[in-house]
Amino acid sequence: MSDATASGAAAIGYFKTYEEAYQALIVYNATACAQAGANAGIPRQYWDITFAELYELYYSSKFNNSKKKLSRSSVYCTKAAFRNCEKLH
């Protein structure tokens, strides 16, 4: 008997009840997340970035480098939202 499912994914175990299987899956996923770390999936260059630096990157890509012409209202609302998040920067 193989430990792989029809999709080719390896089984993490076999359990008598749904509840036991579900609990095992919770533990398995929690362990995988802890091993991956808080920055899993985020490119290394962004690990230590401040909120203000992130905003500048976003603003530049959205308004300065965009091929699409965005309204003044959109620019104003984005700047206002950043100002309202002052505690983060």
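The structure is a predicted model, in which local features need pLDDT of at least 70, side-chain atom pairs count only at pLDDT 80 or more, and totals for chains, interfaces and linings use all residues. Residues are numbered from 1 along each chain as its sequence is written, and side-chain values use heavy atoms, with hydrogens and water left out.

The chain holds 3 helices and 0 strands. Helices (H or I, at least four residues) and strands (E, at least two) are DSSP runs, numbered from the N terminus. Read from the N terminus, the elements run α-α-α. Helix H1 covers 18–36, helix H2 covers residues 51–64, and helix H3 covers residues 72–84.

Of the 89 residues in the chain, 7% are buried. Buried means under 20% relative accessible area, exposed means over 50%, and partly exposed lies in between (1.4 Å probe, protein chains only). The accessible surface of the chain is about 7,800 Å². Carbon and sulfur atoms contribute 57% of that surface. Accessible areas come from the Shrake-Rupley method with a 1.4 Å probe; for residues, only the protein chains shown count as cover. Contact means heavy atoms within 4.5 Å. Among contacts in the chain with a separation of 6 or more, 24% join residues 24 or more positions apart.

Aromatic rings were examined next. Rings of Phe, Tyr and Trp (its six-membered ring) pair if their centres lie within 6.5 Å; planes under 30 degrees apart count as stacked, over 60 as edge-to-face and the rest as tilted. By this rule there are 5 aromatic pairs. Phe51 and Phe82 form a stacked pair, with 5.9 Å from centre to centre and 10 degrees between the planes. Phe51 lies in helix H2 and Phe82 in helix H3, so this pair ties together parts that are 31 residues apart in sequence. Phe51 is partly exposed, at 29% relative accessibility, whereas Phe82 is buried, at 15%. Tyr59 and Phe63 form a tilted pair, at 4.8 Å centre to centre and 45 degrees between the planes. These two residues stand 4 apart in helix H2, so about one helical turn separates Tyr59 and Phe63. Both Tyr59 and Phe63 are buried. Ring pairs link Phe51, Tyr55, Tyr59, Phe63 and Phe82 into a cluster.

Phe82 is found in helix H3. Its C-alpha lies 9.3 Å from that of Phe51. Not counting residues up to four places away in sequence, Phe82 touches Phe51, Ala52, Tyr55 and His89. Thr78 also lies in helix H3. Thr78 is buried, with a relative accessible area of 15%. Under the same exclusion of residues up to four places away, Thr78 touches Tyr55, Tyr58, Tyr59 and Phe63.

Phe15 sits in the segment before helix H1. Phe15 is partly exposed, with a relative accessible area of 36%.
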